[in-house]
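Please keep the sequence and the 3D view at hand while reading the points below.

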Amino acid sequence: MTTAAIIVAAGRGTRLGGEVPKQWQDLAGQRVIDRTVARLAGHRGIDRLVIVLHADDMARGAEFGAEFGARGHLVVQGGATRSESVLAGLEALAADPPARVLIHDAARPLVSERTISEVIAALDGADGAAPGLAVSDALWRGEAGWVTGVASRAGLFRAQTPQGFRFAGILAAHRTRRGDLADDVEVALAAGLRVAIVAGSHDNFKLTEPQDMARAAEILGRGMDIRTGNGFDVHRFGAGDHVWLCGIRIEHPRGLQGHSDADVGMHAVTDAIYGALGRGDIGQHFPPTDPQWKGAASHIFLAHACDLARIMGYSISNADCTLICEYPKIGPHALAMKAEMARIMGIDPDRVSVKATTSEKLGFTGRGEGIAALATATLVKT
Ligand code: MG
C-alpha cells in the first residue's frame, strides 16, 4: 500500500517576524522547510512527497530536485487559502492515487518518526487519523482583560499534523468542501469520515510566535543524533592495465575484477554510510545480478548513499578509508583521492581521509592477490 505525504508550505505567515515567510527561515543552520521535508521524506513508510508552495515561491521548487529525486516528489502551486492548497496537493496525486495520504504543516519541523508511524498505523482501522494533545490547562472566557467565565476542558484536544487519511475519502471530501476550513480533520468530519486520535507530542508544535524559533533550536540541540557505520570490501586482481581507487585511475600492470569498476575504497566508504543509516549495503541498492550496474562507475553508489543520508536528515561529518595492499603505492595519489571523494560526497576535503597500509606481505593482500579496504563514516542528524 503506497503512502504519500503533502507538505503545505504556501502560507505567508508573518507573526513570526523576519523578512521571508517562516518556512524559508533558518532554524539552527537549516531552513525550516528542509527540516520538515527531511522528516517526512526520510520516513520509510512514505513513498511519495508533494510540496505545495505559494505562487511567489514556485521558482524555489527546483531546490528540492536533486536531493529528493530518488524517492519521487512533486512541487505544486498552492491556492489562496490553506484548504485550496491542500486540494491542489491532493489533485496532483489523483492521476496515480496512493492508498493513504498524510497532510502536514511545513511549520512543524519537529514532527517525530514515531508520530508519523502512529498516524500511518491508525489508518488501518479508520478513515483518518491525526495527533492530538489533551488540553491540560483550565480554560477561561475573557473580554477586555477580565475573566468572564470558564469552560470545561473535558474531551478537548489541541490538533496537530500530520493528519492522515485514506486517499479517496479525503480527496472527495475536499472536492465537495464549502469554504476554507481550519484543518483537514474538519474537512473529513464534514464529509462524514471517522478520524482517530493518536498521541500528539509537545515538540511537534507549529512555529508561530518569534520565540518559537529559539524553542525549536533548543529541542534540536537536545536531540542530537550521531551515528557511525563501518564498511569492508575486497576485490581480486586480474588482467588489466589500471585500477580505480577512491575515484582515481592509477596505471598498474593488473586490474581489479568486479561487477562495477571495482573501486574497493569507494565501496567501503559507501557501505559505511549505508551502515550508519541502517539501510543495508551496496549489493542491496545496486544488485550485481542487475546488468545495468555492470561496469558502473562507483561514484553512482557513493552519491546515492550521500543522497539517502540527506533525505534522512543527516549530514556526513567525516569518512575515513584505509586501503590495504602492497601495490600500487597509494601515497602519491592520496591527496587526489581525498579531493575526489569529498567532491562526490559534497563535503569539505578536510572531512575525508584516505590512507593506506601494507599487510607486511602476509595474507592475500600481502601476496598481491587483491586489495582490501575498510572505512568508517560518522553522520550527524541536522
Ligand atoms: Mg566491492
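Five strands form an open sheet in the order β16-β13-β19-β17-β18, and the pairing within the sheet is mixed. At the edges stand β16 (255–256) and β18 (352–357), each with a single partner strand, so one side of each is left without a neighbour in the sheet. The model described here is predicted.

**The open sheet**

- Within this sheet, strand β17 (residues 314–324) and strand β19 (residues 370–381) pair in the antiparallel sense, over 10 bridges.
- In this pairing, D320 has T376 of β19 standing opposite.

**The two domains**

- The domain assignment divides the protein chain into domain 1 (3–220) and domain 2 (226–381).
- A distance of 40 Å separates the C-alpha centres of domain 1 and domain 2.

**The magnesium site**

- Three residues coordinate the magnesium ion: D233 through OD, H235 through NE2 and H267 through ND1, at 2.1 to 2.3 Å.
- Along the sequence, these donor residues follow the spacing D-x1-H-x31-H.
- H235 belongs to strand β13 (residues 226–238) and H267 to helix α8 (residues 264–277), so the pair ties together parts that are 32 residues apart in sequence.
- Are these two histidines buried or exposed? Since buried means under 20% relative accessible area, H235 is buried at 12%, and H267 is likewise buried at 6%.

- In strand β1 (residues 3–9), 7 of the 7 residues are buried, so the strand is largely enclosed by the rest of the structure.
- T3, A5, I7 and A9 point one way from β1, whereas A4, I6 and V8 point the other way; all of them are buried.
- Strand β6 (residues 100–105) pairs with β1 in the parallel sense over 6 bridges, and V101 in β6 is the bridge partner of A4.
- Strand β4 (residues 48–53) also pairs with β1 in the parallel sense over 6 bridges, and L49 in β4 is the bridge partner of A5.

**Helix α1**

- Of the 10 residues of α1, 9 are buried, so this helix is largely enclosed by the rest of the structure.
- Which residues of α1 are buried? They are V32, I33, D34, R35, T36, V37, A38, L40 and A41.
- As background, an α-helix has 3.6 residues a turn, so residues three or four places apart point the same way.

**The largest pocket**

- The volume of the largest pocket is about 770 Å³.
- Its lining comprises 33 residues, of which R39, V111, E113, D225 and K381 are the closest to the centre of the pocket.
- Three helices, α1 (32–41), α4 (113–122) and α7 (211–222), each supply at least two residues of this lining.
- By class, the lining has 13 nonpolar, 10 polar and 10 charged residues.

How values were computed:
Residues numbered from 1 in each chain as written. Predicted model: local features only at pLDDT ≥ 70, side-chain atom pairs only at ≥ 80, totals over all residues. Heavy atoms only, no water. 1 Å grid on protein atoms, 1.4 Å probe; cavity = no way out; pocket = protein on both sides within 12 Å on 5 of 7 lines; lining within 4 Å. Points joined across faces, edges and corners; volume = space filled by probe spheres on them. Helix = DSSP H or I, 4+ residues; strand = E, 2+ residues; numbered from the N terminus. Nonpolar A, V, L, I, M, F, W, Y, C, P; charged D, E, K, R; others polar. Buried < 20%, exposed > 50% of the residue type's maximum accessible area, 1.4 Å probe, protein only. Donors = N, O, S within 2.8 Å, 3.2 Å for Na, K, Ca; no water. Pairing = 2+ DSSP bridges. Domains from an automatic or database assignment.
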